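Q: Before we look at any totals, could you show me how to read one residue at a time and then build up to the whole?

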Amino acid sequence: RRSTADAVATAALSQFQSGRAWPELTSQLARMCTGARSEMLTALEFLEVLRDEAESRDERATAMMWVYAQLAALQEDTGALHKLLACGLMDTDVQESMVDAAARVYCFCAAGSEVPEELQLSVRALAPYLAQAVVRQPREACLQAIALSASGDPTAWLQPKDGNLPAILAKAAMESTAEVAVRQAALKAMLQLLLALDS
């Protein structure tokens, strides 16, 4: 699946850099974002590959602008991106979870000066889903997403349905059996949240 995603991402960016649109790609992605679980997994993987491919291009800023335009198009027409990320963040499958990939795409869209404002706001509205994902299991990708986007709307992280997020972050940061990367991400998320609330 990864090699196919690589090939399509390369072709998509080449089309764009040649001045040609590829509306069929956007339509297909929109269908996959709201399709079967396997299709959603593929869509998330493709979006991550597309981001990585754009960031490696010589004309990075131009390539990234196109990637954000594709993401915005997925959201504007049918809300497909919102549905994909919401399903991904709420995924409870143990074998091949969508949570990490959804959190990374969330991060990509919710933080950064290059992100179009409307896309950023629509993705940040998913903060409760991300908070609930951390409450269920403090995964590194989710913790990193909170750390990167806490300054945008710190109060959004204080109202998860299922628990006290600051306390969960503190517990994850002190959990001796957790991986170092997870503990560091939890500490960073907690500090960013505190800084945002104090500012």
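Q: Is Y68 buried or exposed, and what is the relative accessible area of Y68?

A: Buried means under 20% relative accessible area, exposed means over 50%, and partly exposed is in between (1.4 Å probe, protein chains only). In this predicted model, Y68 has a relative accessible area of 5% and is therefore buried. Because the model is predicted, local features need pLDDT of at least 70 and side-chain atom pairs count only at pLDDT 80 or more, whereas totals for chains, interfaces and linings use all residues. Residues are numbered from 1 along each chain as its sequence is written, and side-chain values use heavy atoms, with hydrogens and water left out.

Q: How many aromatic pairs are there, and why is the pair of Y68 and F108 called stacked?

A: Rings of Phe, Tyr and Trp (its six-membered ring) pair if their centres lie within 6.5 Å; planes under 30 degrees apart count as stacked, over 60 as edge-to-face and the rest as tilted. The count by this rule is one aromatic pair. For Y68 and F108 the ring centres are 4.8 Å apart and the planes are at 20 degrees, so the pair is stacked. The pair links distant parts of the chain, since Y68 belongs to helix α4 (residues 60–78) and F108 to helix α6 (residues 99–110), 40 residues apart. Helices here are DSSP runs (H or I, at least four residues), numbered from the N terminus. F108 is also buried, with a relative accessible area of 10%.

Q: Which residue lies over the face of F108?

A: A charge sits over a ring if NZ of Lys or CZ of Arg is within 6 Å of the ring centre and within 35 degrees of the ring normal. Here R51 lies over the face of F108, at 5.9 Å from the ring centre.

Q: Why is helix α8 described as largely enclosed?

A: Seven of the 10 residues of α8 (residues 127–136) are buried, so this helix is largely enclosed by the rest of the structure. Among the buried residues of α8 are L130, Q132 and V134.

Notes: Helices (H or I, at least four residues) and strands (E, at least two) are DSSP runs, numbered from the N terminus.
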